[in-house]
Amino acid sequence: MRDLGVGFGYLVKGQRWVGAHGRWLGFGLLPGLVTLVLYAAALVGLFYGADDLTTWATPFADDWSSPWQGLFRGFLTVLFIALALFLAVITFTAVTLLVGQPFYESLSEAVDRSEGGDVPESGLPLWRELWISARDSLRILARVVLYGVVLFALGFIPVIGQTVVPVLGFCVSGFFLCEELTAVAMQRRGIELKQRLALLRGRRLLTLGFGVPLTLAFLVPFVAVFLMPGAVAGATLMARELTGEDAEGGRPGPGAPAAAPSLNTPPPQPGSSPADAPREW
């Protein structure tokens, strides 16, 4: 359970990092604002055209008597709008990261640089990085939709559908949101999608501690825009722990166990002074 707090701590640390580096906060807001405007325009158009689209898609109901025609098409319109909102929520992060790939990659590099040590670089041209990001995002989206269909069906089970299923839904969304964000740092390290998922599954509580609170916050579009730069920074810090870089650099990451004294320390060689012998502290 300690990993839940550690994961949330990375989210807070990421927001603090961009708060202390105002220039990166300003740069990081641009892709989110552009994506928000595009999504808002698309959703407004869908809302205004939802009735016409439903009528066009159900010509067989033209001859139905009232009130059945209105009830049926009204239900489909509401369902269509709900589906559009669901897709907007689950794709907003992926599209924002795709639009802001150069911004967020530079931000992630700056976070790595501030932590010391080498700054990993993919060495790939921009078009190749965009292609990999889009491909992986579509794979993640397919997984999210599959889980969404299953959870939607389970939602009809009395009691469980109104209590357990929503919690599972937020956990699933939080897990994959965390994957999308840590992908910025891990892709620079040459870590493929399958390996990224394995790393996150190995630390599920850490992943959920980071992703679930962020998912709840991202339900408010404007909040998502302002939290995105800090989320990328925090995900980079978390990626360093998941890949063991903090421990390798001599600074164990949050939640990492302290190194234990070696039990296999060799004895001093004949003729050597005690100062030459390895010490245990």
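**Figure 1. Lining of the largest pocket, to which α3 gives the most, with 15 residues.** The model is predicted: local features need pLDDT of at least 70 and side-chain atom pairs count only at pLDDT 80 or more, while totals for chains, interfaces and linings use all residues. Residues are numbered from 1 along each chain as its sequence is written, and side-chain values use heavy atoms, with hydrogens and water left out. The largest pocket holds about 1,300 Å³ of space. Its lining has 46 residues, and Leu-85, Phe-86, Leu-87, Val-89 and Ile-90 are the closest to the pocket centre. At least two lining residues come from each of α2 (22-57), α3, α5, α6, α8 (204-218) and α9. By class, the lining of this pocket divides into 37 nonpolar, eight polar and one charged residue. Ala, Val, Leu, Ile, Met, Phe, Trp, Tyr, Cys and Pro count as nonpolar, Asp, Glu, Lys and Arg as charged, and the others, Gly among them, as polar. A pocket is an open set of points on a 1 Å grid over the protein atoms alone, with protein on both sides within 12 Å along at least five of seven lines; a cavity is a set of points where a 1.4 Å probe fits but cannot get out, and lining residues have an atom within 4 Å of a point. Grid points are joined across faces, edges and corners, and a volume is the space filled by probe spheres set on the points.

**Figure 2. The second largest pocket, with about 260 Å³ of space.** Of its 13 lining residues, Tyr-147, Val-172, Phe-175, Phe-176 and Arg-204 are the closest to the centre. Two or more residues of this lining come from each of α5, α6, α7 (193-202) and α8. Helix α6 gives the most, with five residues. The lining of the second largest pocket comprises 10 nonpolar, no polar and three charged residues.

**Figure 3. The largest cavity, with about 160 Å³ of space.** The protein has two cavities of 30 Å³ or more. Lining the largest cavity are 17 residues, with Gln-101, Ser-133, Glu-180, Ala-183 and Gln-187 nearest its centre. The elements giving two or more residues to this lining are α3 (68-99), α4 (101-115), α5 and α6. The largest share comes from α6, with five residues. Seven nonpolar, five polar and five charged residues make up the lining of the largest cavity.

**Figure 4. The second largest cavity, with about 30 Å³ of space.** This cavity is lined by Gln-101, Glu-105, Ser-122, Glu-129, Val-184, Gln-187 and Arg-188. The most come from α6, which gives three. The lining of the second largest cavity divides into one nonpolar, three polar and three charged residues.

**Figure 5. The largest nonpolar core, with 52 residues.** Such a core is a set of buried Ala, Val, Leu, Ile, Met, Phe, Trp, Tyr and Cys residues joined through side-chain atoms within 4.5 Å. Leu-181, Phe-210, Leu-214, Val-232 and Met-238 have the most contacts inside the core. Helix α9 (residues 221-242) gives the most to this core, with 11 residues. Beyond its neighbours within four places in sequence, Leu-181 is in contact (heavy atoms within 4.5 Å) with Thr-93, Leu-97, Phe-210, Leu-214, Met-228, Ala-231, Val-232 and Ala-235. In soluble globular proteins, nonpolar side chains tend to be buried together.

**Figure 6. Thr-77 in helix α3.** Thr-77 counts as buried, at 9% relative accessibility. Buried means under 20% relative accessible area, exposed over 50%, and partly exposed in between (1.4 Å probe, protein chains only). Apart from neighbours within four places in sequence, the contacts of Thr-77 are Ala-50, Asp-51 and Thr-54.

**Figure 7. Val-159 in the loop between α5 (126-154) and α6 (160-188).** The phi angle of Val-159 is near 65 degrees, a positive value in a residue other than glycine. Val-159 is exposed, with a relative accessible area of 61%.

**Figure 8. The protein as a whole, with 10 helices and zero strands.** Helices (H or I, at least four residues) and strands (E, at least two) are DSSP runs, numbered from the N terminus. Buried residues make up 37% of the 281 residues. Of the contacts with a separation of 6 or more, 75% join residues 24 or more positions apart. The accessible surface comes to about 15,800 Å², and 70% of it belongs to carbon and sulfur atoms. Accessible areas come from the Shrake-Rupley method with a 1.4 Å probe; for residues, only the protein chains shown count as cover.
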